[in-house]
Amino acid sequence: MGKIYILEDDKNISEIEQFALKNAGYEVSTFATASDFENALTKEHPDLIIMDIMLPDRDGLSVLKDVRAEQSTAKLPVIMVTAKTSEMDKVKGLDQGADDYMTKPVDEEEMILRIRALLRRAQIVNER
């Protein structure tokens, strides 16, 4: 179905997301740090990225900015999944390039539905 990268430093959340996505048929790679994630992006591009904002080594919004700035990754669908729940946080995340923004705790079924929708839209855009 597709390859998804998860950038999440909380091991429990990462495992829950990974389990749900694998059960939905996706191939998943998880990363606990921005540096590991960025290193993986230099080798292979996923079909979609799920990214936290609060990371141990770097702010997720700055990682998102770099993803959008790089021509080879600029159009990858990105969902921010974070504990930052204020309206301003959501606006900032979407304004800086996230395609979707979900707050923790995340309903796994809703997350999968949002992923499917984003991947459908990405496929339509790529076919044009």
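Trainee: What should I know before I start?

Mentor: Residues are numbered from 1 along each chain as its sequence is written, and side-chain values use heavy atoms, leaving out hydrogens and water. As the model is predicted, local features need pLDDT of at least 70 and side-chain atom pairs count only at pLDDT 80 or more, while totals for chains, interfaces and linings use all residues.

Trainee: How many salt bridges are there?

Mentor: Side chains of opposite charge can pair when their charged atoms come close. A salt bridge here is a side-chain nitrogen of Lys or Arg within 4 Å of a carboxyl oxygen of Asp or Glu. By that rule the count is 10.

Trainee: Which residue forms a salt bridge with aspartate 52?

Mentor: Lysine 104 does, with the closest N and O atoms 3.2 Å apart. Aspartate 52 lies in the loop between strand S3 (48–51) and helix H3 (60–69), and lysine 104 in the loop between strand S5 (100–103) and H5, so the pair ties together parts 52 residues apart in sequence. Helices (H or I, at least four residues) and strands (E, at least two) are DSSP runs, numbered from the N terminus. Glu8 joins Asp52 and Lys104 in a network of salt bridges.

Trainee: Is aspartate 52 buried or exposed?

Mentor: Buried means under 20% relative accessible area, exposed over 50%, and partly exposed in between (1.4 Å probe, protein chains only). Aspartate 52 is buried, at 2%.

Trainee: What about arginine 58?

Mentor: Arginine 58 meets aspartate 66 in a salt bridge (2.3 Å, N to O). Arginine 58 is partly exposed at 24%, and aspartate 66 is partly exposed at 38%.
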